[in-house]
Amino acid sequence: MRAPRPPNRPPRCLATAAVDLRRALERAERRRALGGFALALPLVAFLFVFFLLPIVGMLAKSVDNHELASVMPKSAELLRTWRGVGPPPEEIVAVFARELKEAYLRREVAVVAQRLNREQAGWRNLILGTARRLPDTAEGGWLATLVRLDPAWGEPAIWAGLRRAAQPWTDIFLLAAVDLARDERDAIRPVPPEQAIYLDILARTFWISALVTLLCLVLGYPLAYLLASLPERWANPLLIVVLLPFWTSLLVRIAAWIVLLQREGVINDFLVRIGVLEEPVALVFNRTGVLVAMTHVLLPFMVLPLYSVMRGIPLSLTRAALSLGATPWVAFRRVYLPLSMPGVAAGSLLVFILALGYYITPALVGGAADQMISYFVAFFTLHTANWGMAAALASLLLVVTLLLYWLYARLVGIERLRLG
Amino acid sequence: MTFTRSLAAASLALVLAGVAQARDLTITSWGGAYQAAQRQLYFEPFQKETGIKLVEDTWDGGIGVLRAKAQGTPVWDVVQVETDELILGCEEGILEPLDWQMLGGKDKFLPAAVHECGVGAIVWATVLAYDGNKFPDGGPASWADFFDTRKFPGKRALRRGPRQALEFATMAQGVPPSKVYEALRAPGGIDKAFAKLDSIKKDLIFWEAGAQPPQLLASGEVVMTSAYNGRIIAANRQDKRNFKIAWQAGFVYQIDSWVILKNSPKKAEAMKLVHYLTRPENQAKLPALIPYGPTHVDGAKLVPAEYAEEIPSSPRNLPYGVFFDAAFWVEHVEKLTERFNAWAAQK
């Protein structure tokens, strides 16, 4: 550390010297903190670019509504401020018709059609079909021309839909993610029961994840205990066995489970042969298959934190409890279990949060009633290019997960989490 | 400092080299046994014949993927797409219009294989399949049989999602294949199809990947399933199975197309490749390896007789088929998928 003041200057008085000293100390401290921060800067930048920005981008995508405004800017501007039910006044319709034709010639109208189809199935064809056949001049007004091409243009619904599409941002995806929609008067309504699906799927996602976490804990705790209490000579090879699945492709492991669990598979055959079952039972392509395969895939994530915490618990503590008269059960419950809790907390949280995002495992070993929310995120991203809906579902999952994490932190205490 | 600076310079040079370096012509198809056949029949001979280097990629479809790949300077050139991706992609302007003169004219292909932005690659079908060994006295002969669990007890499988499932459920009500989309578009048609699916819900399981149906049949998990026709025949040829296709039950056939992504830096070579792929004599070679049919009118005539019957467009099969109505599905797929999943999730 540097001297508090230059040595050639005499001290004026003791008080100023003390202040000088403190300032210099603070400065040095700050410099050190800054140096430390500079070292972490690449990490901060990395997190910002590859973690924070994508999340913000995703949240923005879920309310993004730029399609109409970017393709038909004038119509969007007019429709945005127009109030009323039913077809808008002729001058707005005229601008709309002209821009629709221009967009069609520029090959950009599909974007608008796609956006409107998200309001209601069938509007894609309405927009494209109209754009294709729209004449250059209107006879008897533009509205009448549009209605002649398709009577739907006389209904209030399409114009309300266009007005919603003209707003700078939209809530239809976020609403749809919780099974709500807007009607012609822009009031929020629940969707018809045959389309209400996402709240169920969200609940299912959390339920499956919770069950898998519990199964991993029940299977992983004794295993981790065994690993921790064995001499290193034995523990290391066993640990490698635990890690082995990590080195095998996920798809191969899932395929193996299908072979094991199927109707004429190894497990069913065995159970029928020894007389436990009269005929094979369905173990795969249903919830059982999903739970078995996911538990298998996620087990190492439970065992490893448990093991590293348990290794740090001195065996002498349990022995001391026993020598003081505790039964083995009491010694475990009062001494060992509380000491291993940080591992339990960390392992459970890790498994639960990883399980929430599972997609390929349920897709391959589950039935249609076992698909989790990621399945629908993938469906909307890849197959219908509805990124708004995909982002809304992902945001819903993110928000609910953060809420649960917060609750967990309140109940268990974040300081008790320990990964090793 | 000099070290850091030279490192920075080196990496910048690398990046620039990467950008400046012209990439090779890239073709993207559907992987697996199918792309292996394409490699042997088309990709390798093309490189030898023209000296143009060809790089392969694979995908599983999806307009979202295609859109992402087409941004800026595309990383793919020639892609095999399904009909709905062709329609959407062409409307959105992410595909190049093809040079039909070079391909020999639009009248040389099946009408359904002709599009401004795409030319038919293969004719394939989703069919009703079963294991012949499990039904020595004759298997299911209609989609009504598929939905009749008293006559044919046991589990059955359909592709997860509404596509083809609704078509088959409509055929099961006695609607002839050619009238299926008319029936689905009629008021209440979709409700009726869902009601039909509902009638065997507890015996239904769903598959996701094309490789699953033969596996489900082989393992005895299901007694019958919907399947891609090529995979069933491939299982018979390679694994000595005795799987049967009930062509007469009715089937949905589709045409996959070759397209070129907009702004492809290799457009001329890409067009050359598309021409090579769609030459009749080349198309006719495919059914011997995997029974997907040619789209070129002359190609269909050149297929060796012993393979000709197994392709969807053969004179024996075609009368039972209905062409996949991409316009219907482009419009309805999102809402119907949501409805299908809501239906499937209810106990």
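In this predicted model, the helices α4(B) and α17(B) pack at an angle of about 75 degrees, with their axes 9 Å apart; helices here are DSSP runs of H or I with at least four residues, strands are runs of E with at least two, and both are numbered from the N terminus. Axes are lines fitted to C-alpha atoms, for helices over the stretch in contact, and angles run from 0 to 180 degrees between N-to-C directions. α4(B) and α17(B) are therefore roughly perpendicular to each other, a label given to angles of 65 to 115 degrees, while angles under 35 count as roughly parallel, those over 145 as roughly antiparallel and the rest as oblique. On the side of α4(B), the contact is made by Thr83(B), Asp84(B), Ile87(B) and Leu88(B), and on the side of α17(B) by Ala326(B), Trp329(B) and Val330(B), where two residues are in contact if their C-beta atoms, placed from the backbone, lie within 7 Å. These residues divide into five nonpolar, one polar and one charged; Ala, Val, Leu, Ile, Met, Phe, Trp, Tyr, Cys and Pro count as nonpolar, Asp, Glu, Lys and Arg as charged, and the others, Gly among them, as polar.

Residues are numbered from 1 along each chain as its sequence is written, while chains are lettered from A and ligands numbered from 1 in the order in which they are written. Because the model is predicted, local features need pLDDT of at least 70 and side-chain atom pairs count only at pLDDT 80 or more, whereas totals for chains, interfaces and linings use all residues.

Chain B as a whole has 17 helices and eleven strands, and its C-alpha atoms fill a box of roughly 80 × 50 × 40 Å along the principal axes. Among the contacts in chain B with a separation of 6 or more, 71% join residues 24 or more positions apart.

An automatic or database domain assignment divides chain B into domain 1 (22–123 + 254–313) and domain 2 (125–253 + 322–345), whose centres, taken over C-alpha atoms, are separated by 27 Å. Where these domains meet, 15 residues of domain 1 of chain B are in contact with 14 residues of domain 2 of chain B. On the domain 1 side, the elements that give two or more residues are α2 (32–50) and α4 of chain B, and the largest share, four residues, comes from α4(B). That side comprises ten nonpolar, three polar and two charged residues.

Chain B also meets chain A, with 29 residues of chain B in contact with 30 residues of chain A. The elements of chain B that give two or more residues to this side are α3 (63–70), α4 (83–91), β7 (204–207) and α17 (326–345), and α17(B) gives the most, with 13 residues. By class, the side of chain B that touches chain A has ten nonpolar, eight polar and eleven charged residues.

Chain A has 19 helices and two strands, and its C-alpha atoms fill a box of roughly 100 × 100 × 35 Å along the principal axes. A compact globule of 420 residues would have a radius of gyration near 22 Å, but chain A has 32 Å, and 34% of its residues count as buried. The domain assignment of chain A gives domain 1 (1–61), domain 2 (67–170) and domain 3 (198–416), with the C-alpha centres of domain 1 and domain 2 lying 58 Å apart.

Two local features of chain A complete the tour. In helix α3 (residues 73–81) of chain A, Ser75(A), Ala76(A), Leu78(A) and Leu79(A) are buried, and the buried residues of α3(A) pack against α2 (67–71), α4 (90–105) and α8 (156–166) of chain A. Ala152(A), found in the loop between α7 (142–149) and α8 of chain A, is partly exposed, with 17 other C-beta atoms within 10 Å.

Notes:
Rg over C-alpha atoms; globule rule 2.2 N^0.38 Å. Buried ≥ 20, exposed ≤ 12 C-beta atoms within 10 Å, placed from the backbone.
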